[in-house]
Amino acid sequence: MLHRDRKMFKLIGKNYIKKFITLCFLPVLLTGCSQSVKEETAQVVVKEENNQPDKEVQPEEKQKEKLSEMYDWDNARIPINWYYPNFGEGQILQNQDYIFYPEDGNKIARISKSDGSKEIICEFDFIKDKFIHYCLSENGMFVEYNSNIYSCSFDGKNMHKIISRKKLKKQITDIKDDGWYGGVKTLYFYKDNLYMVSYYYMWKLDLTTKKITQMLENVFWGGCFCGNALYYMSSSNFIVYKTDINTGKSTRILGTDEKWSKENPESLKAYSGLTEVDGKVYYVQIGKKTSVYMYREGKKDKKIYDFEKTPVIYSIRSDSGKIAINYKYDTDKPYNIIIYDIKLSSASKIKNIKGSVGLVYLVDDMIFYGSQPLASTNEYLLYKVY
């Protein structure tokens, strides 16, 4: 018993000494840890100070402010021309901090999401029937003008030519200069490569080697990237294909071959519009009943919305977890728009949009769309708040 008590006393004494030493050195340890954390997060703190608003306006409050109210979009003068289309997929783009749009006069404008301020970040010399095309990456922008491809930062600085028109035309042998089909019409940046669309052809530009390879031949008719694949529709028969971006192998995933279609016209289904939201591909299927589906590889596709009757589908776009579908029925004069919220699984409608012909882009609480041909406003893109 005594031996056990002595042993316990020694153990208690050692613990007491350890606690005493710890208390003595605790201020030193805390100072060292604090200094280490400050050193490791110095750059992060600076970055946050540059991007976040002042104390008077909390980030949560700023996020609630509608983008449509932060800037005079009525006078944005976003050009559109149906004969020589200057809009590829999503010329009105956004990232966490800014909205970008092409402005009259071969310019790219940038709108700050924090205070609504506007800045012209790029401007090019005027060339008749030549328009700006661009896309965003994680670190900057890629811009095409007159078949020259440039890269620059989000403020338009550090711009340099990554491939010239001359080199581009040598490698893209099918590129044409006939106005409607001429030049590069759409740019995509996806997984470290730049993709270009010209006359229904798609090409991949390796940004490291500057090598250009042909991805698709005379079939591309709207599409989207998802995972390691490009999903797109054929320009001739509206069959949906999937192409592996690494191997270039294509697979038909929706639709039937031409022989079956001729033999079974009553069962024929067509597809209009492909878009990606949160890692899933969505499409519109047109048949006896027109519906919006979510594509699921190896499973039955999930129906998310049914139209009341077969509409004239014009376009489908997505942004911020929502899908916008522009459509009208045969008896409708103006177009209507459905806004489907993926997370809430709910749909809302905007009916009878006067002057609307085509939905061009959806961004937060704004819809940008084209106007009626030959109308006085046909030169510029319009928008509507939803």
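These legends accompany close-up views of a predicted model. Local features are described where pLDDT is at least 70, side-chain atom pairs count only at pLDDT 80 or more, and totals for chains, interfaces and linings use all residues. Residues are numbered from 1 along each chain as its sequence is written, and side-chain values use heavy atoms, with hydrogens and water left out.

**View 1. Four strands form an open sheet in the order E9-E10-E11-E12, with antiparallel pairing.** Strands here are DSSP runs of E with at least two residues, numbered from the N terminus, and two of them pair if DSSP finds at least two bridges between them. Strand E9 (186–190) and strand E12 (212–216) are at the edges with a single partner strand each, so one side of each has no neighbour in the sheet. From one strand to the next, the twist averages 25° (axes are lines fitted to C-alpha atoms, with angles from 0 to 180 degrees between N-to-C directions). Look next at E9 and strand E10 (residues 193–198), an antiparallel pair joined by five bridges. Tyr190 has Asn193 in E10 as its bridge partner.

**View 2. Glu103 sits in strand E2 (residues 98–103).** With a relative accessible area of 11%, Glu103 is buried (buried means under 20%, exposed over 50% and partly exposed in between, using a 1.4 Å probe and protein chains only). Its side chain makes a polar contact of 3.1 Å with the side chain of Tyr101; such a contact is a pair of N or O atoms within 3.5 Å, one able to donate a hydrogen and the other to accept it, and residues adjacent in sequence count only if both atoms are side-chain atoms. Beyond neighbours within four places in sequence, Glu103 is in contact (heavy atoms within 4.5 Å) with Ala76, Arg77, Pro79, Lys118 and Ile120.

**View 3. Glu103 and Lys118 meet through their side chains in a salt bridge of 2.5 Å, N to O.** A salt bridge places a side-chain nitrogen of Lys or Arg within 4 Å of a carboxyl oxygen of Asp or Glu. Because Glu103 lies in strand E2 and Lys118 in strand E4 (residues 118–123), the pair ties together parts 15 residues apart in sequence. Lys118 is partly exposed at 38% relative accessibility. The whole structure holds six salt bridges.

**View 4. Arg110 and Glu119 form a salt bridge, with their closest N and O atoms 2.9 Å apart.** Arg110 is buried at 10% relative accessible area, while Glu119 is partly exposed at 37%.

**View 5. A salt bridge of 3.0 Å, N to O, joins the side chains of Glu308 and Lys349.** This pair links distant parts of the chain, 41 residues apart: Glu308 is in the loop between strand E20 (302–306) and strand E21 (312–319), and Lys349 is in strand E24 (residues 346–353). Glu308 is exposed at 60% relative accessibility, and Lys349 is partly exposed at 36%.
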